[in-house]
Amino acid sequence: MISYTIPGMHVREHTVDVPLDWSNPGETIAVFARELVDPTRKNEDLPCLLFLQGGPGGRGPRPIGVTGWIGQALKNYRVVLMDQRGTGRSTAVTRRRIATMSAEEGADYLACFRADSIIADAEHLRKTVFGDKPWSTLGQSYGGFLTLTYLSKAPEGLTACYVTGGLASIDPSAAEVYRRTYPRVEAKNREFYKRYPHDVEQVGAIADRLAADDVRLPDGDRLTVRRFQSLGIAFGMKPGYERVHWLIDEAFDGDELSDTFLGQALDLSSYLEEPLFASLQESIYGSGEGATGWAAEAERAQRPQFAEDARPLLFTGEMMYPWMFEEIRGLRPFQGAVELMAQRPQWPELYDLERLAANDVPVAAAVYFDDMYVDSGLQLDTAGRVGNLQAWVTNEYEHDGLGSDRVFERLTELVASVGGGIPAR
């Protein structure tokens, strides 16, 4: 085990082997986790807080300072940052690995990287590395989906759960998710253009150039209008409008699209660092009978205001489309596998509705009322159907509210108010 100290944090690194397929153990993969603790308390028997990263396909945070929620948590906990299977220093799912597989092999492989498997990994880590002691969890975004699966599969491993922007519908339906989120994305576009009205013309000019010319990104891919529209995924975060505004502010170098713009557009849309995010985006809603069936693409077809030739041009959000796996170099090896996954008619159940209704693990969840990614209506429906759950509804934050010093503190106060968790020192 490797251990070292960085300013304000003592770090221990852990790697465990787990089955690729928990339902049929055989081939194994590695799961990696970092354990953080206040250096002055590294020999104390402190409780653990497992961070469940957003995504899907997101690796654990790489902390560079004792700030934000990590700084708050280190006052009372050992913080466990797990690289979820397929990411970071866990056995990574890469385009090179997928390229060696047939479409059928790739689909079966990717199906092993969903919530049920991630929670089985977490339980194995808790039992084998952390002394089989129950721990608390903090789930951001998709980490909240994982929390509900954890409460369904292994609540005995949990002492308290904190969720930020991630109460999934416990009646999973990709079609219903996108039926609700497209109007939210449209509203974010209106807000963006209200804040920066002069960007309407600039965005239209960029789209016209992309439609008329074969514009290439630095990696050789063509930048299409629909790929440009996908940059609106940033609108769900607090500084998202500004990120897009400054991107298009320097879009032109004379009559041509600038290298600055093209380089940034590539970085924001290549998915080279997180191919699982795109590849698993819809299959996280697969539960029980029914294919996800490219639900975002089907819903977009019903909304002509998102057409590539519509003006003002509307950006899209956290939606993945089949054309991405043709047009984006880093995703092309996944194309055959994700096509089969979209057609898969049966998935393991992710949530135990009876167990969730009878839940006695204290849960506090921040529901961001204007959340572009996880519909607040679906979140509140879930909140009313999970036992011992307190929902804090707020429009003060966007989806990245956990970055504020207040959010985690507020959730711990809610759990402490019912006698759960650890009161703040």
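The largest cavity of this predicted model is lined by 13 residues, with Ser279, Glu282, Ser283, Trp294 and Val338 nearest its centre. Helices α11 (275-279) and α14 (335-343) each give two or more residues to this lining, and α14 supplies the largest share, three residues. Helices here are DSSP runs of H or I of at least four residues, and strands are runs of E of at least two, numbered from the N terminus. By class, the cavity lining holds eight nonpolar, four polar and one charged residue; Ala, Val, Leu, Ile, Met, Phe, Trp, Tyr, Cys and Pro count as nonpolar, Asp, Glu, Lys and Arg as charged, and the others, Gly among them, as polar. The volume of this cavity is about 100 Å³, and the count comes to five cavities of 30 Å³ or more.

Turning to open space, the largest pocket holds about 1,600 Å³. Its lining has 49 residues, of which Gln53, Met237, Glu273, Glu274 and Phe277 lie nearest the centre. Helix α10 (259-269) is among the elements that supply at least two residues, and gives the most, with four. On a 1 Å grid over the protein atoms alone, a cavity is a set of points where a 1.4 Å probe fits but cannot get out, while a pocket is an open set with protein on both sides within 12 Å along at least five of seven lines; lining residues have an atom within 4 Å of a point. Volumes are the space filled by probe spheres set on the points, which are joined across faces, edges and corners.

Residues are numbered from 1 along each chain as its sequence is written. Local features need pLDDT of at least 70 and side-chain atom pairs 80 or more, whereas totals for chains, interfaces and linings use all residues, and side-chain values use heavy atoms, without hydrogens and water.
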